[in-house]
Amino acid sequence: MATTSPARPATDIDVDEMPGAVRLDRLTKRYGDQTAVDDLSLDIRPGEFLSLLGPSGCGKTTTLRMIAGFEEPDAGDILISGRSVLGHPPYRRNVNTVFQAYALFPHMTVAENVAYGLQQKRVPKAEIRERVTSALGMVQMRSFADRRPAQLSGGQQQRVALARALVNRPAVLLLDEPLGALDRQLREEMQLELKLIQAQLGITFVFVTHDQGEALSMSDRVAVMRSGRIEQLADSDTIYSAPASAYVAAFVGQQNFFDGTVTADGAAVESAHAVLRPAQRITGISPGLQARAAVRPEFVEIVTSRPASAANVAEGRVIGVSHLGETMQYLVQFGREMSIISRRPTPDAPRVAVGATVWCTWRPESVQVFPVDDSAAHGGFVEPPTTRSIRTR
């Protein structure tokens, strides 16, 4: 579903005209008979850290490239700080872009790379020195000013690329999978630094990623994209705990799905292996119709004897146990084909062996129900298409 632009706040100040505000108004971009971005509208607030999140081919990078000026939309408008930038080249948009490929000049020093854009703008030399020193300080690279890119690690090169973008003092900084080439530890360090830099400078950040961990941990708001449209736009907590669709539920975090039928009283979804009762009556899906119930692994408890009373309970067999440090993970199979995940804090985790019969329980408030969507997940445990796990927020 496409997300409409939020209403403007009741204030004497027009937020859309403030430096760093971005408005995308019904953007469409086609490549031949393929629609990459489909009638997309979005307001990005001044000083906001907003992530465009989705799998390859969802339109997130195309959207970013249109904001940057590397692509022109086939329809719609782009306003930055209240002014349309359609037809303006990238250097006239008061934005800068940081790419996954650092694109540093190998024959230049770190300081010369950062200074290059200012030199092209004929900024006075004294001001260039001051701004380069300041930008390198922001990314903790001041002591590397005289080195060349080949003498730097991947993480250090990414810091230089970031400094080169920040030195121009853009109203909007666009980041296209900038941490994709880094190893996990460096990625996590750079995530923290990017958020600290953004908070310090107050610049609008638009961050493109397929990694839901990055998006949730760094962003003020996340736009989950699908087929060129925004499936859900919300803060990280809402995206994780109240996904708007089965697609979002499957893509963000890990999920257990049960496909079944809404009961006659609308109080539950009856699947082949369990009856799932949410805290409130199911609305929007008529009794007798197919539905998809979801429960995240951290909400699934396992016990070794049948509970005397539980709103939601299913019997299964443990087919896998994994120690993940802070948590223990159990893979529990129902029947021949379906399995779900339970993840429990290690100190409280039950000690069960592979092959043991267990009962899985979960609270009604942890059950979410969606209409069946063939392009989302099917019954059973679903892991998002990333390499990272998400903690409960």
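This is a predicted model: local features need pLDDT of at least 70, side-chain atom pairs count only at pLDDT 80 or more; totals for chains, interfaces and linings use all residues.
Which side chain meets that of Asp 211 in a salt bridge? The partner is Arg 187, at a distance of 3.2 Å from N to O.

The salt bridge between Asp 211 and Arg 187 links distant parts of the chain, 24 residues apart. Asp 211 lies in the loop between β8 and α6 (212-218), whereas Arg 187 belongs to helix α5.

Buried means under 20% relative accessible area. Asp 211 has 2% relative accessibility and therefore counts as buried. Arg 187, at 12% relative accessibility, also counts as buried.

## Other salt bridges

In total, the structure holds 15 salt bridges. Side chains of opposite charge can pair when their charged atoms come close. One of these bridges joins the side chains of Arg 23 and Asp 43, with 2.5 Å from N to O. This pair links distant parts of the chain: Arg 23 is in strand β1 (residues 22-31) and Asp 43 in strand β2 (residues 34-44), 20 residues apart. Both Arg 23 and Asp 43 are buried.

A further bridge is formed by the side chains of Glu 48 and Arg 221, at 2.4 Å from N to O. Glu 48 is located in the loop between β2 and β3 (49-53) and Arg 221 in strand β9 (residues 221-226), so the pair ties together parts that are 173 residues apart in sequence. Glu 48 and Arg 221 are both buried. Elsewhere, a network of salt bridges links Lys 29, Arg 65 and Glu 71.

## The largest nonpolar core

The largest nonpolar core comprises 36 residues. Those with the most contacts inside this core are Val 114, Leu 136, Leu 162, Leu 173, Leu 175 and Leu 194. At least two residues of the core come from each of α2 (110-120), α3 (125-138), α4 (154-166), β7 (172-176), α5 (184-201) and β8 (204-209). The greatest contribution is that of α4, with 6 residues.

Leaving aside residues up to four places away in sequence, Leu 175 touches Leu 64, Val 98, Leu 162, Leu 194, Phe 205, Val 206, Phe 207 and Val 208.

## A second core

The model also contains a second, separate core of 27 residues. Among its members are Val 22, Met 66, Val 95 and Val 172.

Key
Residues are numbered from 1 along each chain as its sequence is written. Side-chain values use heavy atoms; hydrogens and water are left out. A nonpolar core is a set of buried Ala, Val, Leu, Ile, Met, Phe, Trp, Tyr and Cys residues joined through side-chain atoms within 4.5 Å. Buried means under 20% relative accessible area, exposed over 50%, partly exposed in between (1.4 Å probe, protein chains only). Helices (H or I, at least four residues) and strands (E, at least two) are DSSP runs, numbered from the N terminus. Contact means heavy atoms within 4.5 Å. A salt bridge is a side-chain nitrogen of Lys or Arg within 4 Å of a carboxyl oxygen of Asp or Glu.
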